[in-house]
Structure formats: C-alpha cells, structure tokens
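These are my notebook entries on one structure, kept in the order in which I looked things up. I begin with the pockets and then turn to strands, cores and backbone.

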Amino acid sequence: MLTSAPRPSPVTATLDLDAQGVQHGHLRLPYSRDDSAWGSIMIPICVVANGSGPTALLTGGNHGDEYEGPAALFELAQTLDPSQVDGRIIIVPALNYPAFRAGTRTSPIDRGNLNRSFPGRPDGTVTEKIADYITRHLIPLADIVLDFHSGGRTLDFLPYAAAHALPDKDQETRCFAAVEAFAAPYSMKMLEIDAVGMLDTTVEEMGKVFVTTELGGAGTATANSIDIARRGTLNVLRHAGILAGTPDHQDTRWLDMPSSDCFTFAEDDGLIAFALDLGQPVKTGEIIARVYPIGRTGLVPTEYRAAIDGVLAARHVPGLIKAGDCLSVIATITEHP
C-alpha cells in the first residue's frame, strides 16, 4: 500500500530558529476570512540562543483564558540576557493565539481545543494546523518542554507544577526532577481525565522531559501566581543547564492523584455551595459541596462527598454548575512523586 509523506506545514516562522542571539518574530499561519482575503494569524515567538547547550520550549496560552504562563513568558522574552544562556530558549507565550486574543479556552475560529488537537494536521482546521507545526517543527528541537496551564474561567487550582507517571521510568524520573526544580508551592503526580490529543502526551511520546502546571485560575492571574510562574521558569532553565545559576529551591508539598476517585462530577444542574476551600483537608465521606435545585425553594440539595482522603486541589468556579461539570479534585498527600 502506497503512503505519502505528510504535507508541509502552512505555518512559517519569520525568524531563524537556529540563529544565535535574541530574535522576536511570529509564526505566520495563512487564514483567509471575510475581513482579510489573504490574511494571516500571527503567533508571537521569541528565540534566545547562545552557545551549544540544550533547548527548552516554553509555552503558555495553550488555552486562551489561562494567564499566568503568558504573563511570565512575555516578561521573560523581554528581559532575558543572552549572555546568561548556554543553549536555546524558544518562547511561545500564547500558543493558541486566536483563543488568547478572545480570552476563551477554545479558538473562536473553529472552536478547537488546542490541547486536545495534537498531533494535529497540516491540512486540518486552524487549531489542527497550529498543533501540527508544534509537533513537527518545535517539539523535535527541544530537550525539555514547559507548558503553562491554570484553571481558566471555570476552575481554580492550588498552585502546582506537575508531571505524569510514564512507562519509561528513567524519563519519568527526569520529568519529576524538573518539577521539583520548578519549586511551586505544590508538586503533583498528575492523572488526566483523558490524555488523548494533549501536548503533554505528544511530548512524552517523543521521549522529552515535560513539565506542566496548574497555577490558579478563575479567569485571571494574581501577583502571587505570576511570581510562581516567573520563578519556576527560571528554576527549570537553571536545572536544565540552559541558564546560568542554581535553582531557587523552596519548599514544595508533594501531592498525588492516584485514581479516578480524585474527580467529582456534577450529576445535576444547580447552585453550588462548597463546604471547604482550596488546600483544606477532607476525609472520605465528608461533604465537598451541596448543589441546590434553583427552580423552587424547599427542595433538598444534592450532597457531593469525598471518595478519598486528601486535600481540595481544584474546584468549580462559577456559582452555577451543570450536570457533567467537574466539581472538584481531591489530591492525596505524599512524600515524593
């Protein structure tokens, strides 16, 4: 059976990914639309290179309503001193640029969730084309990838850096060493609800070191969460030997998501009233939240209880919740990943 090579990516970089020094440019994706027949989407990118050390790929805005990563990475691109670099740092602060401009989780162009679209397609939707370029042209250059996330407009998290359990235990060890170097207030051995189509999975399957985060959320960023992102980025770069200096080690509390019992999903629409706040301990069987029917008074709320002992690591943000929404995540406390 004949097979053909994949089509070239329609995305072109306006800078030289291999050049030394500091460059600021764009990843240009042609996008013909009503208001611009020969228009393009211009995704900002910065490359800082000096010497022959490793390469780090730093990304934010994978979801467009998550702001800690973009805030830290736009600052880093503006302030990084190339004389302190041994290697290459590729910074894409707003990976799903259409979603970032719109302040939405998914793209306003095609409703694409970039972090469920990997490895992408060069002849697919706008979101799939972005994923394809990252998969084929950026990830292969990298030794380590740091992809920033938070809860967006609908979730709020304890501020943590995370990696995943992996079949390759040597790779897993290297990933968790980078998480520890990040030195967020919390460090997580993370379980995904569904890892298909994620940047995480794509990077890990290529054998790279991958670190992700959940640094708050609620559709905004705080001075504290941005500072965690800024400090963590520098720590990871120092840990990788790309940036001069040693990581700024701070205490981190290790958490685990050992099974699907960590997740609680709403089974009814209604008004949510939490019984505890982020970071508070909870025992198996204790009430996490009550969901009140809102059609009339006098109706009994549905009680949602913890299936495991742990701490509240994530919670639904809007006051109203719909059936199927993630209500909470309970993480267990552990000594190490």
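I started with the lining of the second largest pocket, which by class has seven nonpolar, three polar and six charged residues, where Ala, Val, Leu, Ile, Met, Phe, Trp, Tyr, Cys and Pro count as nonpolar, Asp, Glu, Lys and Arg as charged, and the others, Gly among them, as polar. I note that this is a predicted model, in which local features need pLDDT of at least 70 and side-chain atom pairs count only at pLDDT 80 or more, while totals for chains, interfaces and linings use all residues. Residues are numbered from 1 along each chain as its sequence is written, and side-chain values use heavy atoms, with hydrogens and water left out.

I looked up the volume of the second largest pocket and found about 260 Å³. Of the 16 residues that line the second largest pocket, His164, Ala165, Leu166, Met190 and Glu192 are the closest to its centre. Helix α5 (199-205) gives the largest share of this lining, four residues, and β9 (186-190) also supplies at least two. For the terms, a pocket is an open set of points on a 1 Å grid over the protein atoms alone, where a 1.4 Å probe fits, with protein on both sides within 12 Å along at least five of seven lines, and lining residues have an atom within 4 Å of a point. Grid points are joined across faces, edges and corners, and a volume is the space filled by probe spheres set on the points. Helices (H or I, at least four residues) and strands (E, at least two) are DSSP runs, numbered from the N terminus.

The largest pocket has a volume of about 580 Å³. I listed the residues closest to its centre, out of 30 in the lining, as Arg105, Arg116, Leu155, Phe157 and Ile193. Strand β10 contributes three residues, the largest share of that lining, whose classes are eleven nonpolar, eleven polar and eight charged.

**Strands.** I then followed β9 to its partner β11 (residues 253-256), with which it pairs in the parallel sense over four bridges; two strands pair if DSSP finds at least two bridges between them. In this pair, methionine 188 stands opposite leucine 255. Strand β11 also runs antiparallel to β19, joined by two bridges, with aspartate 256 opposite threonine 332.

**Cores.** Which residues touch the most other members of the largest nonpolar core? I found Leu58, Ile89, Ile91, Phe182 and Leu237, out of 34 residues. Helix α4 (residues 169-182) provides the largest share of this core, five residues. A nonpolar core is a set of buried Ala, Val, Leu, Ile, Met, Phe, Trp, Tyr and Cys residues joined through side-chain atoms within 4.5 Å.

**Backbone.** I checked two non-glycine residues with positive phi. Alanine 183, with phi of about 65°, is found in the loop between α4 and β9 and is buried, with a relative accessible area of 2%. Arginine 111, with phi of about 60°, lies in the loop between α2 and α3 and counts as exposed at 51% relative accessibility. Buried means under 20% relative accessible area, exposed over 50%, and partly exposed in between (1.4 Å probe, protein chains only). Proline 119 is also found in the loop between α2 (97-102) and α3 (126-138), and a cis peptide bond, with omega of about 10°, joins phenylalanine 118 to proline 119.
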